[in-house]
Amino acid sequence: MLIRRDLPYRPSEITPEAVFRGRRLLLQASLGGAIGALSAGVLAQPAASLSARPSGYSTIEKPTESSLVTGYCNFYEFGTDKQDPPRYAPEKLRVRPWTVRVEGEVRTPRSFDIDDLIKLAPLEERVYRLRCVEAWSAVVPWIGFPLAELIRKVEPTGKAKYVEFTTLADPKQMPGLGTSVIDWPYTEGLRLDEAMHPLALLAFGMYGHVLPAQNGAPVRVVVPWKYGFKSAKSIVRIRFTEKQPATAWQKASPSEYGFYSNVNPERDHPRWSQKTERRLGEQIFSRRRPTLMYNGYADQVASLYAGMDLMKLY
Amino acid sequence: MSSSPRAFAFVPPALPATTLGIIRASVFVVALLPLAGLVQRGVAGTLGANPVEMVLRSLGTWTLVLLLATLAITPLRRVTGWAWLVRLRRMLGLFAFFYATLHVGAFVWLDHWFNWAEILADVVKRPYLNFGFAAYVLLIPLALTSTQAMVRRLGGRNWLRLHRSVYAIGVLGVLHFWFHKLAKNDLSQPVIYAVVLALLLGMRLAHTLSARTIAASSGALRQGRVDSPAKSSATVSRRRTQ
């Protein structure tokens with residue numbers, strides 16, 4: 001699907017420059033100034049707003065309360081506890097300067113400065129369901145543009161069949177790298193046609209603001225029909241390959257995590273059922289809800305997997 | 001002065017009944033604090049993004065902690081000589097069962113809403129649930145026979161034999177946690193429980209073996225044939241097979 005070019009505004013008009021300053025800079029600035037601890041606390045909130053136009057791809061479901069999505073995170077680079085990323089990432093992760101290298105089977109390999117990358121295409125707000133492989137889910141209003149926009153810009157060669165995403169792995173910024181949970185750096189991958197699908201999003205923000213560090217700042221992918229771990233965070237490299245790339249979780253436990261990892265209620269995780277899920281923020285006496293095939297995006301994406309044995313190619 | 005081995009036994013200082021009462025009451029209150037904390041957070045709505053998971057894990061953690069505390073009593077008593085510690089053991093064991101019951105109850109009710117078909121399929125299929133379920137089933141008879149009356153009815157020897165299954169329960173409980181955490185490739189927490197359990201079981205094993213050696217050699221002494229070490233170790237191994 002093509003994105004309309006005749007917008008009433010130019011992409012450069014969307015975001016004020018101040019937005020691109022990281023939370024860390026804001027925090028330092030406020031602490032450095034003669035401002036009280038209280039206002040420092042206020043400024044430390046993700047104040048950098050990011051405007052975007054609404055998208056027809058959004059679900060009408062009510063977004064999960066943002067404090068839950070920013071406070072309950074799997075981002076093992078900062079620790080395996082759900083509270084580790086919100087505890088450590090905001091103060092440790094430096095999101096400026098940030099460069100994303102695009103390389104491999106492309107005609108125009110290049111490095112993007114994050115502030116240029118975000119202007120590559122008009123930003124949209126996409127409210128997507130997020131289904132974690134751990135059987136919990138959320139509804140998140142992401143801000144970004146289709147990954148396809150970037151892919152077209154760099155012109156994959158005829159050999160390019162897959163796209164690999166690599167997350168930053170800097171022990172100075174990421175206390176979780178000390179553990180051998182994952183063979184760092186974290187890598188993820190998509191088939192090229194999956195990456196080109198209009199639902200696959202390159203995200204820079206959520207809830208009207210730039211991405212919080214713990215949710216994958218400054219840039220991540222969001223692939224809503226796959227389990228959350230497929231959506232790599234804090235990306236520093238995007239590589240186009242001919243062969244299927246090895247992904248971090250596949251390497252860690254091949255019997256449990258496959259390359260595709262599409263949301264599939266019929267294909268159990270070896271240690272738990274994927275038939276149902278818990279929506280974050282629901283009360284203690286609420287029931288699980290049924291998990292939908294492709295996380296409810298079957299109409300849009302099922303054709304990508306026509307003829308494939310989804311029990312084997314999980 | 002007698003030359004019998006009993007003369008070397010450490011005589012623990014006696015604890016006044018009121019002091020013991022205060023200690024028991026304190027342990028009782030402390031053991032209830034985790035539950036009180038959960039209830040308080042539940043009422044305040046501060047159980048986090050995933051309240052059911054939070055409650056399940058907290059109850060599971062406290063079950064394991066109390067189980068290990070129960071298993072720690074005897075080794076601790078031997079090291080310190082505080083005989084009164086044994087008066088806390090039943091209460092700690094029953095609290096372990098109490099938290100285990102709440103843990104299983106939360107799993108059956110809050111997590112699965114009494115969907116027995118789903119629960120059964122999971123318990124059969126998932127290794128971590130195999131271990132957890134087995135551990136809980138084995139805990140039930142121990143809780144039921146925990147009263148003084150049941151000790152008398154079963155007879156001390158049978159009762160002791162039955163209650164030795166607590167070692168197996170400890171191992172199963174740690175395995176339950178271990179296999180649950182395996183998913184995340186992060187065993188840093190289960191390892192702690194496994195090490196503590198291994199330590200406690202190791203201390204018991206060491207004690208049993210040395211007690212048998214003493215018994216064997218004193219037995220040999222009485223029979224007036226304390227000669228080669230080979231012979232006495234043969235006595236030990238013969239006793240071990242009994």
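In chain B, α2(B) passes α8(B) in a left-handed crossing. Left-handed here says that the near helix is turned anticlockwise from the far one by less than a right angle; clockwise would be right-handed. Helices are DSSP runs of H or I with at least four residues, strands are runs of E with at least two, and both are numbered from the N terminus. The axes of α2(B) and α8(B), the latter spanning residues 165-181, come within 10 Å and cross at roughly 150°. That angle makes α2(B) roughly antiparallel to α8(B), because angles over 145 degrees count as roughly antiparallel, under 35 as roughly parallel, 65 to 115 as roughly perpendicular and the rest as oblique. Axes are lines fitted to C-alpha atoms, for helices over the stretch in contact, and angles run from 0 to 180 degrees between N-to-C directions.

The model is predicted: local features need pLDDT of at least 70, side-chain atom pairs count only at pLDDT 80 or more, and totals for chains, interfaces and linings use all residues. Residues are numbered from 1 along each chain as its sequence is written, while chains are lettered from A and ligands numbered from 1 in the order in which they are written.

Which residues make the contact of α2(B) with α8(B)? From α2(B) come T63(B), L64(B), L67(B), L68(B) and L71(B). From α8(B) come V166(B), I169(B), G170(B), G173(B) and F177(B). Contact requires C-beta atoms, placed from the backbone, within 7 Å. The residues of this contact divide into 7 nonpolar, 3 polar and no charged. Ala, Val, Leu, Ile, Met, Phe, Trp, Tyr, Cys and Pro count as nonpolar, Asp, Glu, Lys and Arg as charged, and the others, Gly among them, as polar.

Stay with α2(B). The helix covers residues 51-80 and holds L76(B). L200(B) is 124 residues from L76(B) along the chain, yet their C-alpha atoms are separated by 9.1 Å.

Helix α3 (residues 89-111) of chain B packs with helix α5 (residues 127-144) of chain B at an angle of about 140°, their axes 10 Å apart. That makes α3(B) oblique to α5(B). The crossing of α3(B) past α5(B) is left-handed. On α3(B), the contact uses G93(B), L94(B), F97(B), A100(B) and V104(B). On α5(B), Y136(B), L139(B), L142(B) and A143(B) meet them. By class, the residues of this contact are 8 nonpolar, 1 polar and no charged.

Now cross to the other chain. The contact takes 17 residues from chain B and 18 residues from chain A. On the side of chain B that touches chain A, α2(B) gives the most, with 3 residues. That side divides into 9 nonpolar, 4 polar and 4 charged residues.

Chain A has 10 helices and 13 strands. Of its 314 residues, 45% are buried. Among its contacts between residues at least 6 apart in sequence, 71% join residues at least 24 apart.

In chain A, 5 strands form an open sheet in the order β3-β2-β11-β6-β7, with mixed pairing. β3 (110-113) and β7 (187-191) of chain A stand at the edges, each with a single partner strand, so one side of each is left without a neighbour in the sheet. The twist averages 20° from one strand to the next. Strands pair if DSSP finds at least two bridges between them. Within chain A, strand β2 (residues 99-104) and strand β11 (residues 235-241) pair in the parallel sense over 4 bridges. R101(A) stands opposite R237(A) in β11(A).

Elsewhere in chain A, strand β5 (residues 136-146) pairs in the parallel sense with strand β12 (residues 276-279) over 2 bridges. Here W136(A) stands opposite R278(A) in β12(A). β12(A) also pairs with strand β13 (residues 289-290) of chain A, in the antiparallel sense over 2 bridges. T276(A) has P290(A) of β13(A) as its bridge partner.

Finish at W249(A), in helix α9 (residues 248-252) of chain A. W249(A) is buried, because 21 other C-beta atoms lie within 10 Å. Leaving aside neighbours within four places in sequence, W249(A) is in contact with F229(A) and Y257(A).

Notes:
Buried ≥ 20, exposed ≤ 12 C-beta atoms within 10 Å, placed from the backbone. Contact = placed C-beta atoms within 7 Å.
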